[in-house]
Amino acid sequence: TARSPEGSRSARRLRRDGLVPGVMYGGGDAPQHFAVDARTLRNTLAHAGQVIEVTVDGSASTNVLIKDVQRHPVRGEAVHVDLLRVRMDVAIHATVPIHFEGSEEAPGVTEGGIFNQELREVNIEALPGDIPDSIQHDVSGLEMNATVTLDVLAAPSGVTLLDDVETVIATITPPTLEPVEEEIETETALVGED
């Protein structure tokens with residue numbers, strides 16, 4: 001539902017009533033302030049793709065991208081949401097998480113190596129409808145001391161990776177051994193003894 005941007009007191013009142021305040025902006029239109037049921041927002045964030053359709057007070061639906069979700073520092077629940085209007089025929093920049101598959105079965109890990117994911121997200125350019133939820137990469141064949149760079153990622157069709165192809169995204173490193181310090185025994189003598 002639409003709401004007027006009245007400030008923090010009004011926002012606290014909305015949250016007390018189980019609603020989350022938000023704003024929808026971009027696309028050449030004026031910012032639209034709204035309030036959404038907290039459960040509806042939680043379910044939408046958990047199950048929706050990158051682009052969602054929003055209807056405010058029964059108006060025509062608008063395609064939006066979730067730009068930012070501010071969360072309560074302790075409880076973790078959403079306290080404010082920012083939505084960016086997008087046109088489905090214009091490419092936009094977005095960040096997409098990278099998910100590695102098979103890291104536990106990689107020969108380098110079974111030999112005792114440690115799998116390190118150096119990069120969690122990658123910057124892409126794509127039409128809003130082509131933005132993937134994540135980019136998958138199989139690392140089940142990595143040996144000890146292996147390094148994976150961005151150029152091995154297979155971007156879905158219509159998606160362009162914007163980061164440097166030489167960026168390291170994952171490694172398998174040998175475990176570091178702690179040097180064993182020898183205990184030096186020292187005898188203590190009481191002062192005044194022979």
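Predicted model: local features only at pLDDT ≥ 70, side-chain atom pairs only at ≥ 80, totals over all residues.
Figure 1. Along the principal axes, the C-alpha atoms fill a box of roughly 95 × 55 × 25 Å.

**Figure 2. Surface, interior and contacts of the chain.** How much of the chain counts as buried? Of the 194 residues, 30% do. The accessible surface comes to about 12700 Å², and carbon and sulfur atoms account for 48% of that area. Contacts can also be sorted by how far apart the partners lie in sequence. Taking those between residues at least 6 apart, 61% join residues at least 24 apart.

**Figure 3. Strand 12 and its partner strands.** Strand 12 covers residues 168-173 and runs antiparallel to strand 7, residues 114-117, with four bridges joining the two. Strand 10, residues 147-149, is also antiparallel to strand 12, and three bridges join this pair. Which residue of strand 12 is the bridge partner of N116? It is T171. T171 is also the bridge partner of T147.

**Figure 4. The salt bridge between R39 and D37.** The model has three salt bridges, and this view shows one of them, where the side chains of R39 and D37 meet with N and O 3.9 Å apart. This pair still qualifies because the cut-off is within 4 Å. Is R39 buried or exposed? R39 counts as exposed because its relative accessibility is 56%, and exposed means over 50%. D37, at 28% relative accessibility, counts as partly exposed.

**Figure 5. The salt bridge between R75 and E77.** Here the closest N and O atoms of R75 and E77 are 3.2 Å apart. R75 has a relative accessibility of 57%, so this arginine counts as exposed.

**Figure 6. The salt bridge between R87 and D89.** The side chains of R87 and D89 meet in a salt bridge, with an N to O distance of 3.0 Å.

Terms used. Residues numbered from 1 in each chain as written. Heavy atoms only, no water. Buried < 20%, exposed > 50% of the residue type's maximum accessible area, 1.4 Å probe, protein only. Pairing = 2+ DSSP bridges. Contact = heavy atoms within 4.5 Å. Areas by Shrake-Rupley, 256 points an atom, 1.4 Å probe, with all protein chains shown as cover.
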